[in-house]
Amino acid sequence: MTTFKSRVFEVVKQIPKGQTMTYKQVAVAAGSPNAFRAVGTVLKSNYDPSIPCHRVIRSNGELGNYNRGNEEKRCLLKKEGAVL
């Protein structure tokens, strides 16, 4: 049986460079549609560079938080062409 955390990481690994998903979309894809806040909690603990958690944003279009700093998240997304 896979854990919610591992399902979230698998979903986030599949987000292509230059694209984003919302916390809600990740929760739905991980099989727990109402667990969008839990997605944020899971991603906060991620320091594996192969899991691009910077590509997960809020439903209202705001970037949300990032464990390496919000400015770093903005820079990474801008570099990938996901935000202006």
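View 1. Accessible areas come from the Shrake-Rupley method with a 1.4 Å probe, and for residues only the protein chains shown count as cover. On that basis the protein chain exposes about 5200 Å², of which carbon and sulfur atoms supply 53%. This is a predicted model in which local features need pLDDT of at least 70 and side-chain atom pairs count only at pLDDT 80 or more, while totals for chains, interfaces and linings use all residues. Residues are numbered from 1 along each chain as its sequence is written, and side-chain values use heavy atoms, with hydrogens and water left out. The protein chain carries 14 positive and 6 negative side chains, and the centres of the two sets lie 4 Å apart. Lys and Arg count as positive and Asp and Glu as negative, with His and the chain ends not counted; the place of a charge is NZ of Lys, CZ of Arg, CG of Asp or CD of Glu.

**View 2. Overall fold.** Four helices and two strands make up the secondary structure of the protein chain, in the sequence pattern α-β-α-α-β-α. The radius of gyration is 12 Å, close to the 12 Å that the globule rule gives for 84 residues, so the protein chain is as compact as a globular protein of that length. Helices (H or I, at least four residues) and strands (E, at least two) are DSSP runs, numbered from the N terminus. The radius of gyration is taken over C-alpha atoms, and the globule rule is 2.2 Å times the number of residues to the power 0.38. Along the principal axes, the C-alpha atoms fill a box of roughly 40 × 25 × 20 Å. Of the contacts (heavy atoms within 4.5 Å) with a separation of 6 or more, 50% are between residues 24 or more positions apart.

**View 3. The largest nonpolar core.** This core has 19 residues, and those with the most contacts inside it are Phe4, Val8, Val12, Val26, Val39, Leu43 and Val56. Helices α1 (4–13), α2 (23–29) and α3 each give two or more residues to this core, with α1 giving the most, five residues. A nonpolar core is a set of buried Ala, Val, Leu, Ile, Met, Phe, Trp, Tyr and Cys residues joined through side-chain atoms within 4.5 Å. Buried means under 20% relative accessible area, exposed over 50% and partly exposed in between (1.4 Å probe, protein chains only). Leaving aside neighbours within four places in sequence, Val12 is in contact with Val26, Leu43, Ile51, Pro52, Cys53 and Val56.

View 4. Asn46 lies in the loop between α3 (36–44) and β2 (56–57) and is buried, with a relative accessible area of 3%. Not counting residues up to four places away in sequence, Asn46 touches Phe9, Ile51, Cys53, Asn67 and Arg68. Pro52 is also placed in the loop between α3 and β2 and counts as buried at 8% relative accessibility. Beyond four places in sequence, the contacts of Pro52 are Val12, Lys13 and Ile15.

**View 5. Ala27 in helix α2.** Ala27 belongs to helix α2 and counts as buried at 0% relative accessibility.
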